[in-house]
Amino acid sequence: MTEGVQTSQTADFTPRVFSGIQPSGGLTLGNYLGAIKRFVDMQDQAFETIYCMVDLHAITVWQDPEALRRNTRELCAGFIASGIDPEQSILFNQSQVPEHAQLGWVFNCVARMGWMKRMTQFKDKAGKNAENASLGLFGYPALMAADILIYHATHVPVGEDQKQHLELTRDIATKFNHDFGVDFFPITEPVIEGAATRVMSLRDGSKKMSKSDPSAASRINMTDDADAIATKIRKAKTDPDALPSETDGLEGRPEARNLVNIYAALADTSVDAVLTEFGGQQFSAFKPRLSELAVDKLAPISAEMARLMQDQAEIDRILARGAERARTVAAPILKQTYELIGMVG
Ligand code: AQP
């Protein structure tokens, strides 16, 4: 799917992409390969594209206010430095468009407790301490459904970890449409594609690379310099065997698979092509080539982010302008939703 493809469930809607990233820490290579790089691809296809820094989601776990402000601006710089054009796409932070939270409340009343209790991300993030987790963390997927559906978005590019939340978004849209006897919300298509839909921790191939992992060595941040990238890749966990020549040989080798996937995604090539080139070679030969490639691709982005961060007033202007444009789409959809459910006003 992609390139303006419409299914029967989205055919009556303008082809429109929405996706968001939490300003809950520094951008990682996982966010870049699993999300932003693909946001840029979709910006160049036949879609209207709307990209958001989802700050209301970030506060579902504690955020230091100063760090949240800095991370939001840095994330905006990351989007632009990676190729999102704030004129072509709508780029803004969620809290400046109150319609997200307003539709989120409506969806809290549509989503069922049983659906929410099945969300594995809540279980992973709340861990053993679920009684102490915020109510917002539990309700997060209903707000995420609102983020998407407040724009009648037809396509949502995300990493593999968001698949279940997108299924819930479809369930919420279906139930709303059914309850009110309308075809008002599209049944959004997830777009989960490419070699790096799930970039794993460099320290543990069974865990997702995350902004909030306590180990800085587990992730590559978009602001890391060449030395930091090379050190993290050199120290990345691997196994003693050489790289296989075929994909089957990566079976049961999560760390090897992860590094090969990262290489393929950064080089815009396939895993097969990477294994054809490096099959039979040791990690001692492969890792320096991966470092070189990562530095080559990431250094220009990180330099541009640093340049953009010097003019925070300009970043704030871009976010405010993006929010204004977003509201022109969101406000009429909220108004129609309120009319459908019987609000007077
Ligand atoms: N490791 C990953 N591999 C591929 N894609 C990833 N994404 C996140 N991590 C990876 C994708 O990035 C987008 C934004 O994610 P998010 O910041 O909204 O939430 P997250 O998935 O919870 O990301 P983190 O980095 O793990 O944040 P924290 O640590 O704060 O929870 C999504 O499309 C996601 O799939």
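**Exercises on a predicted model**

Strand 1, helix 1 (residues 29-43) and strand 2 form a right-handed β-α-β unit, where right-handed means that, with the strands pointing away from the viewer, the path from the first strand over the helix to the second runs clockwise. Helices (H or I, at least four residues) and strands (E, at least two) are DSSP runs, numbered from the N terminus. This is a predicted model, in which local features need pLDDT of at least 70 and side-chain atom pairs count only at pLDDT 80 or more, while totals for chains, interfaces and linings use all residues. Residues are numbered from 1 along each chain as its sequence is written, and side-chain values use heavy atoms, with hydrogens and water left out.

**Exercise 1.** Work out how strand 2 is paired with strand 1 and with strand 3.

*Solution.* Begin with the criterion, under which two strands pair if DSSP finds at least two bridges between them. Strand 1 (residues 16-21) and strand 2 run parallel and are joined by 6 bridges, with S19 opposite Y51 in strand 2. Next, 4 bridges join strand 2 to strand 3 (residues 90-93), again in parallel, and here M53 stands opposite N93.

**Exercise 2.** Decide how far strand 2 is covered, and how the side chains of strand 3 are directed.

*Solution.* Take buried as under 20% relative accessible area, exposed as over 50% and partly exposed as in between (1.4 Å probe, protein chains only). In strand 2 (residues 48-53), 5 of the 6 residues are buried. In strand 3, I90 and F92 point one way, L91 and N93 point the other way, and all are buried.
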